[in-house]
Amino acid sequence: MIYLDNAATTMRKPREVVDAVVAAMGSLGNAGRGASEGALDAGRVVLRCREAVAALLGCPRADHVCFSANSTAALNAALSGLVGPGERVVTTVLEHNSVLRPLARLADERGVEVAYAGCDAHGFLDMDELERLVCPGTRLVAVTHGSNVTGNLVDVARVAQIAHAAGALCLVDASQTAGAVPLDMAAMDLDVVCFTGHKGLMGPQGTGGMAVAEGVDVRPWAEGGSGVHSFERRHPLEWPTRLEAGTLNAHGLAGLLAAVRCIEEGGGPAAFGAREHELAQRLYEGVAGVPGVTVYGGWPVAPERCGSIVALNVDGLDSAEVADALSAGWGIACRAGAHCAPLMHRALGTERRGIVRLSCGWFNMEDEVDAAVDAVREIAAG
Amino acid sequence: MARVRVPSLVVTFPTTAAAMSCEECCERRGLGGRMIPVPGEVAAGCGLAWKTAPEAREELAAALAADGVPVDAMTVIELLEFR
């Protein structure tokens, strides 16, 4: 199989990640639940992972890195914990449903006002519109760091400036970029960064979380076992326990720790992202100009602001048909459809047919990319 | 390879769990077909569908009903094949 669905998950993981998970599953107890050697080992792994993720994201306080099952859980927790009844949130049409749906729920249940900044013809965020929408009284600006449909990147430091100028907080969804595009929360002045472990970070599924700047109050979303203060009626408010009710996925976090170490030892997110971008650019240049192929996103105008995705359609064909042909005929794995990003597709005019998303990862090779280009050419020539 | 369109039975499901149950049901009973992305002509969005020959409709419907696999719709459309 030629795996070009790395925006969904990086299927191939570093050997160190696999080994770390296997070792953890045979040795770790429950982090923070007792003082047995197994429990302490689990606690040590979780702490090291917290410190490694904090360093990777530029979060000054490791205890403000709170783990969850994935980005969706982190985003739900962050949005629910930051936005109160009747408050205003500005977001964008680039967002995934993991931002759009929690905001829709807040609108329905708390009367939260949600405004959506649009994009240009290439899918880049309309920063001027965002700035117009962020007015005094806005509580939060929630924005992705990279579109999961086009791969277009967002200047989140600029978004944070706009948010803070109006007295709002800035939440960044780094699901598509953590591990592959440098992020520095402190330098970029970001308030909350939500991430998943299984995409660019190349860790196990079931890992993710949020990093929260000092002074930002994210209210607990769930209450329960904490391992401390058991006789208190409510869940503790201390970091990171306030956002980590219940047993942590220490086995997964052992893998995530190994993954982050691999990335750091390999030159950091900039090095990994550069390689993935290089492959995607090769893919884009191979399919651009092929008769009958439409490429979406920013590649033609600003490739330096693109990630590792090439989004395309073939004239006369549904995206699902193209994806099925690539899989059945050439053994190429990609993703068709709407990618849980309805507003992005509406903006691009691809609501009905969807888009064929080919996404490169660290383990892809040039010959795999070239095979995908040949397959797309053949399908388009039909 | 030449691009041709072939009439196919496309089964859609309310959940991914139901789609996977369909695959298991068909494998266990030796029924033909395979999983594909849901064609936009059937439903916009994402998800999995089961593709098989149109003449398999009755047998497949009976098998899914017997196994309690929920189905959204069964539709015959022309789908792309390379020959």
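Predicted model: local features only at pLDDT ≥ 70, side-chain atom pairs only at ≥ 80, totals over all residues.
**Exercise 1. Surface of chain B**

**Exercise 2. Fold and dimensions**
Give the order of helices and strands in chain B, then decide whether its radius of gyration agrees or disagrees with that of a compact globule.

Solution. Start with the elements: chain B holds two helices and four strands. Along the sequence they follow the pattern β-α-β-β-α-β. Next, apply the globule rule: 83 residues would give a radius of gyration near 12 Å, and chain B has 12 Å, so the two agree. The box filled by the C-alpha atoms is roughly 40 × 25 × 15 Å along the principal axes. Finally, look at contacts between residues at least 6 apart in sequence: 75% of these join residues at least 24 apart.

**Exercise 3. Charges**
Count the positive and negative side chains of chain B and find how far apart the centres of the two sets lie.

Solution. There are 8 positive and 11 negative side chains in chain B. The centres of the two sets are 6 Å apart.

**Exercise 4. Interface with chain A**
Describe the interface by residues in contact and by buried area.

Solution. Count residues: 19 of chain B touch 24 of chain A, with heavy atoms within 4.5 Å. Then take the area: about 1500 Å² is buried between the two chains, and carbon and sulfur atoms give 53% of it. Of the area that chain B buries against chain A, M1(B), R3(B) and C46(B) supply 33%, more than any other three residues.

Conventions: Residues numbered from 1 in each chain as written. Chains lettered and ligands numbered in written order. Heavy atoms only, no water. Rg over C-alpha atoms; globule rule 2.2 N^0.38 Å. Lys, Arg positive; Asp, Glu negative; His and termini not counted. Charge placed at Lys NZ, Arg CZ, Asp CG, Glu CD. Buried area = accessible area lost by both parts, 1.4 Å probe.
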